[in-house]
Amino acid sequence: MSGAGEETTDDGPERMYVITGGRSKAGGQDRLDLVTLVVARSQPEPGMPPEHTAIVRMCHYPLSVAEISAYLELPVSAVKVLLADLLAGGRVEARAPVPAASLPDIELLEAVMHGLQKL
Amino acid sequence: MVRTGTPSAGHQPASPLVWILPPVVTAACTVAAVVAVVQTARVPVAWCGAVATAAVLLIAGETARRGRAITALRRRHADQEAGLRRLMAEQEAETARLAEVLLPEAVARLQRGESAAEVLKSAAYEAELDPGFSAAHQAVLRTVVDAVVAEEDLRDSAQRAFVNIARRVQAIVHQQAQDLREMEHRHGEDPEVFGDLLHIDHGTALIGRLADSIAVLGGARPGRQWSQPVSMFSVLRGAMSRILDYQRVDLHSVAEVAVVGPAAEPLIHALAELLDNATRYSPPQTRVHLSATEVQSGVAVEIEDGGLGMGEEARERAEQVLTRSSAGIDLTDLGETPRLGLAVVGRLAQAYGFQVSLRPSAYAGVRAVMVIPGNVLTSVPPPRAVPRPGTMPPPRPMPTRPAQPRPGAQAPATVPAVAERQEQPAAVEHNAYGLPQRRRRGPAAVPRPGGVAAPASSPPAPARSAQAPSADPGRPVQPGIWLAAFQAGINGETPAPAGPARRPSDDSSEEGK
């Protein structure tokens with residue numbers, strides 16, 4: 001799919017289930033959400049699978065799970081499995097997605113909307 | 001007979017003289033009798049003696065003559081016999097040559113693809129042989145050649161049929177794998193569906209491997225072709241993808257090399273077969289260790305299992321299968337419980353110069369080592385691993401809103417971005433509601449929604465707008481429509497709003513999904 005129409009080089013030879021080790025959900029990691037922010041806590045090491053290395057490298061700055069999924073071109077469930085492994089190994093850290101930001105926003109916007117409607 | 005003839009020939013010179021003896025003795029006896037008898041009887045006795053001597057002389061002469069004739073006859077026989085014997089030996093040699101040289105050579109040449117007529121012409125005979133005999137031999141040769149040609153044709157067509165069927169299965173499996181990958185991306189957020197898709201994907205890969213094996217045994221290439229080098233890590237995991245028990249395989253150190261495109265698929269397939277053997281013939285609770293290390297002549301991939309191991313005899317048999325299959329194996333002699341694996345590995349190894357050896361493992365199981373020659377290796381391709389971290393920094397401004405980096409995300413990935421967007425709206429929804437409405441106020445603001453919303457939906461936009469009207473009624477979309485219509489009325493733009501008025505409804509219906 002990333003190969004821009006070249007059907008011979010659409011993806012690597014490895015299938016998704018090998019990347020996730022056959023798992024489709026991250027065991028015990030329910031707190032991982034699409035907007036959970038992930039930050040690396042260590043440098044990538046030589047023996048790690050490429051996906052792990054890529055996550056650790058790209059999460060040098062906090063990234064949401066959804067973004068990691070987009071950059072890796074992997075489904076969210078697969079990314080969650082990988083992140084669960086990394087979290088278990090203490091290589092990355094998950095943070096709640098800044099909940100304070102959303103609530104005032106809605107109120108503010110509603111206020112603005114009502115104000116506009118009253119115009 | 002030759003031996004009995006030879007002594008009689010040795011007696012030959014003595015015999016004529018021997019036959020003189022009896023007449024001489026008879027004559028001497030006659031003389032003695034004549035001297036011994038009385039005077040009056042001497043004349044009759046002398047007569048009798050003379051007659052007897054003459055008779056004996058006659059008989060002796062005749063006997064000697066016959067003896068000579070027999071000797072001559074015997075000599076002639078011996079000559080004849082020797083001649084026949086020589087002829088027989090020649091013919092025997094010729095028959096042996098037919099069996100040991102001509103026929104195998106003819107069969108070999110036919111199998112190499114030479115024409116039957118050429119093979120027959122070149123099988124020459126010595127001229128001094130009996131023409132009838134040569135003709136008979138030629139006939140034998142021709143019959144055998146015809147039979148071999150017919151059998152080769154049959155085998156060829158059978159193989160072609162096998163390969164053809166395998167190719168069709170491969171095509172279906174390939175298509176299926178692609179579809180599944182798309183579905184995995186599409187349903188990536190639902191772990192249950194995603195898990196089921198992974199399961200089906202795995203089963204499909206197993207079917208693909210079987211089809212590949214049949215194609216390889218039929219003398220064709222394994223299915224896919226890679227136009228770009230494939231990293232060793234991907235090769236090993238690709239091999240793992242194709243076996244049943246991939247979860248039992250432990251991937252250890254992997255050399256930082258890549259395999260050139262044309263050799264990647266055969267290598268993946270051969271390794272998959274070896275891994276399959278390793279997992280199949282070891283207890284289910286044991287692990288199989290897989291690693292790839294650089295060696296002088298290339299890269300050595302080691303597969304170690306903790307199974308029962310192979311006896312020396314079994315190991316020799318397996319290696320024999322490996323070497324024999326490289327010389328060419330028949331689909332017909334695979335038998336009823338075909339052990340395709342090693343035969344396939346042998347074939348691929350021979351075709352692409354991989355060296356395979358099976359040895360006892362330190363874990364008491366089998367240690368299969370495949371040495372990949374340096375000429376099919378290359379350096380790790382940069383595209384996949386490097387650029388993405390490189391493009392990472394730009395979208396960094398993450399801190400407050402997850403919505404902000406999204407435009408940056410659209411550049412590298414389109415499909416997952418869509419998947420992500422479908423989920424995201426829940427959080428963004430309220431923002432989006434406010435903004436489009438404000439847009440309507442002034443036409444100048446229109447580009448902005450395009451900047452935010454279009455990248456995701458720009459290609460399918462026409463289709464969306466076509467679908468949207470039907471989806472509109474009954475949707476909780478009315479507020480937007482109402483507001484848009486209201487504001488369009490305020491602004492006094494009657495024809496233009498028709499377009500924008502529909503678009504916000506698209507957005508909201510899209511977000512409603």
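Two strands pair if DSSP finds at least two bridges between them. Helices (H or I, at least four residues) and strands (E, at least two) are DSSP runs, numbered from the N terminus. With that in hand, welcome to this predicted model, where local features need pLDDT of at least 70, side-chain atom pairs count only at pLDDT 80 or more, and totals for chains, interfaces and linings use all residues. Residues are numbered from 1 along each chain as its sequence is written, while chains are lettered from A and ligands numbered from 1 in the order in which they are written.

**Chain A at a glance**

- Chain A contains five helices and three strands, and along the sequence they follow the pattern α-β-α-β-α-α-β-α.
- Of its 119 residues, 40% count as buried, meaning that 20 or more other C-beta atoms lie within 10 Å of the residue's own; 12 or fewer make a residue exposed, anything in between is partly exposed, and C-beta atoms are placed from the backbone.
- Among contacts in chain A (C-beta atoms, placed from the backbone, within 7 Å) between residues at least 6 apart in sequence, 70% join residues at least 24 apart.

**How confident is the model of chain A?**

- The mean pLDDT (the predictor's confidence in each residue, from 0 to 100) of chain A is 79, and 82% of its residues reach 70 or more.
- Confidence in chain A is highest in helix α2 (residues 50–58), at a mean of 89, and lowest in helix α5 (residues 102–118), at 83.
- Over residues 1–9 of chain A, pLDDT stays under 50, and the model has eleven contacts beyond four places in sequence for them.
- Where pLDDT is low, the predicted coordinates should not be read in detail.

**The sheet of chain A**

- Three strands of chain A make an open sheet in the order β2-β1-β3, with antiparallel pairing.
- Strands β2 (63–64) and β3 (92–95) of chain A are at the edges with a single partner strand each, so one side of each is left without a neighbour in the sheet.
- Two bridges link β1(A) (residues 37–40) with β2(A) in the antiparallel sense, and A:L37 stands opposite A:S64.

**Two packed helices in chain A**

- Helices α2(A) and α4(A) (residues 76–88) pack at an angle of about 75 degrees, with their axes 10 Å apart; axes are lines fitted to C-alpha atoms, for helices over the stretch in contact, and angles run from 0 to 180 degrees between N-to-C directions.
- That makes α2(A) roughly perpendicular to α4(A), since angles of 65 to 115 degrees count as such, under 35 as roughly parallel, over 145 as roughly antiparallel and the rest as oblique.
- The contact is made by A:E51, A:H52, A:I55 and A:V56 of α2(A) together with A:L82, A:L83 and A:L86 of α4(A).

**Strands of chain B**

- Strands β2(B) (residues 249–254) and β4(B) (residues 288–295) are parallel partners over four bridges, with B:A292 as the bridge partner of B:V254.
- Eight bridges join β4(B) to the antiparallel strand β5(B) (residues 298–305), where B:E304 stands opposite B:H289; a hairpin through two residues connects β4(B) and β5(B).
- Strand β5(B) also pairs with β7(B) in the antiparallel sense over seven bridges, and B:G298 stands opposite B:P373.
- Six bridges join β6(B) (residues 355–360) to β7(B), and these run antiparallel.
- The hairpin of β6(B) and β7(B) has five residues between the strands, and B:A364 in the turn has a positive phi of about 75 degrees.

How values were computed. Two residues are in contact if their C-beta atoms, placed from the backbone, lie within 7 Å.
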